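Keep the structure open while you read.

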2 protein chains.
Amino acid sequence: MSSRIIIFDDNQERLNSVAMLLNLSDDFTCSGTFHNANNLVADITNSKPELVLMDIDMPGVDGIEATKLVRKHFDALPVIIQTNFEEDERIFGSLRAGANGYLLKKTSPERFLESLREALDGGAPMTGSIAVKVLQHFSTQTQTKNNYNLTEREKHILSFLVKGYSYKLIAAECGITYNTVNNHIRNIYDKLYVNSATEAVSLAIKQRLV
Amino acid sequence: MSSRIIIFDDNQERLNSVAMLLNLSDDFTCSGTFHNANNLVADITNSKPELVLMDIDMPGVDGIEATKLVRKHFDALPVIIQTNFEEDERIFGSLRAGANGYLLKKTSPERFLESLREALDGGAPMTGSIAVKVLQHFSTQTQTKNNYNLTEREKHILSFLVKGYSYKLIAAECGITYNTVNNHIRNIYDKLYVNSATEAVSLAIKQRLV
DNA sequence: AATGATATAGCAAATATTTGTCATACAAAT
DNA sequence: ATTTGTATGACAAATATTTGCTATATCATT
């Protein structure tokens with residue numbers, strides 16, 4: 001019993017070679033090849049795949065949009081993105097779109113087939129260099145994480161600001177007066193080098209101060 | 001020429017077995033084992049490893065704090081986190097701390113050694129289930145991403161709010177009057193179901209509306 | 001003992017935001 | 001032709017935020 005795979009790729013040569021690779025394998029069958037994702041929902045409905053291989057560069061509906069559509073209409077259907085390039089924008093765009101894996105086209109046939117098995121098994125296959133970028137995405141956020149020397153009280157009040165609480169409400173929540181809240185907020189602004197609540201909230205969220 | 005690896009783990013048995021596994025391999029040497037990370041900087045300085053294996057549960061300085069220390073003092077030294085559990089908090093904590101990989105202890109010896117090679121090679125080895133969590137971290141953000149039917153103008157003005165601009169400044173930037181800005185902002189608030197700039201900014205950033 | 005950081009509190013004023021209400025104009029859709 | 005959505009603009013009043021001062025008390029450090 002082999003798993004049904006379909007491929008979206010605007011490159012005919014690539015489409016043929018991947019389909020052939022799949023059909024030569026024991027455990028996969030290529031049950032559809034498409035040059036674009038303009039009729040994606042109908043194409044998937046008709047071909048009933050167990051996994052979708054998606055090229056990222058396609059005319060019309062691109063691979064990222066197409067992945068979003070798959071997520072929307074076929075919730076559990078795994079999508080593996082394939083591309084020649086490793087641009088951050090596209091990688092993170094694809095991941096946000098809900099892709100289950102991200103492979104460079106230069107991946108070896110063995111590793112490629114192994115990745116499909118992994119994805120069908122509920123895994124998230126990624127080319128090594130992609131995994132590195134993903135991890136860096138996390139750590140770079142901490143790199144810039146200065147604490148600005150906010151006191152506990154200030155952090156607490158900042159967190160209320162982020163929730164959209166008014167001075168009055170913060171005062172009530174903290175059991176201090178409106179005036180004291182006002183003072184703490186000034187001090188927060190001084191330390192963060194901002195001069196409005198919106199700036200403080202923006203910075204707090206982006207730099208993970210809360 | 002085998003690569004020098006050191007291990008931090010409070011479990012003596014585990015420490016021994018991993019060290020033995022490394023020493024039995026052709027390409028690795030265990031050049032240090034430590035029960036805790038309390039003297040991490042000195043330990044690393046003395047043992048000069050090419051890669052660090054870090055247990056996450058340790059008394060005193062835990063694996064996440066220890067990883068931050070490595071990042072701070074030995075910028076390029078790869079750290080692989082090892083743990084028995086897959087709790088989101090710890091996974092993302094480790095990744096934010098700057099870990100280069102994240103392996104479950106139940107990983108097979110073959111896969112384990114292969115992962116070390118990958119890490120030394122600049123890669124980011126992850127157990128499959130961890131990779132899934134990492135990808136889900138991205139996509140869940142998009143799941144809740146409703147667009148709230150904001151118009152282009154509204155999105156544009158919302159982005160200025162996020163930058164902390166005042167009504168006046170937004171009016172000047174957009175070439176419209178203060179009153180019109182006011183109107184757009186009311187409409188934004190209506191659509192986002194909020195009633196203050198801070199709430200709008202908070203929601204906009206968290207749900208990636210800008 | 002003096003200093004500095006923190007948390008608290010108050011008053012006043014200048015600004016800014018928020019809400020209510022109304023109105024015009026254009027384009028797209030019914 | 002009429003409705004709907006969008007962008008624009010205005011006026012006024014009620015609130016809220018921001019800034020400039022001052023002040024006290026506690027705690028830890030020098």
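Predicted model: local features only at pLDDT ≥ 70, side-chain atom pairs only at ≥ 80, totals over all residues.

Lys105(B) pairs with Asp9(B) in a salt bridge, with 3.2 Å between the closest N and O atoms. Lys105(B) sits in the loop between β5 (101-104) and α5 (109-120) of chain B, and Asp9(B) in the loop between β1 (3-8) and α1 (12-24), so the bridge ties together parts 96 residues apart in sequence. Both Lys105(B) and Asp9(B) are buried.

**Other salt bridges**
- Over all chains, the structure holds 20 salt bridges.
- In chain B, Arg117(B) bridges to Asp27(B), the closest N and O atoms being 2.6 Å apart.
- Arg117(B) lies in helix α5 and Asp27(B) in the loop between α1 and β2 (28-34) of chain B, so this pair links parts 90 residues apart in sequence.
- Arg117(B) is partly exposed at 33% relative accessible area, and Asp27(B) is partly exposed at 24%.
- In chain A, Asp55(A) and Lys105(A) form a salt bridge, with closest N and O atoms 3.0 Å apart.
- Asp55(A) belongs to strand β3 (residues 51-55) and Lys105(A) to the loop between β5 (101-104) and α5 (109-120) of chain A, so the contact joins parts 50 residues apart in sequence.
- Asp55(A) and Lys105(A) are both buried.
- Shared partners join Asp9(A), Asp55(A) and Lys105(A) into one salt-bridge network.

**Cysteines**
- The structure holds 0 disulfides over all chains.
- Cys30(A) is buried, at 15% relative accessible area.
- Cys174(B) is buried too, at 14%.

**Domains of chain A**
- Chain A divides into domain 1 (3-141) and domain 2 (152-206).
- The centres of these domains of chain A, taken over C-alpha atoms, are 45 Å apart.

Note on methods
Residues numbered from 1 in each chain as written. Chains lettered and ligands numbered in written order. Heavy atoms only, no water. Domains from an automatic or database assignment. Disulfide = S-S within 2.5 Å. Buried < 20%, exposed > 50% of the residue type's maximum accessible area, 1.4 Å probe, protein only. Salt bridge = Lys/Arg side-chain N within 4 Å of Asp/Glu carboxyl O. Helix = DSSP H or I, 4+ residues; strand = E, 2+ residues; numbered from the N terminus.
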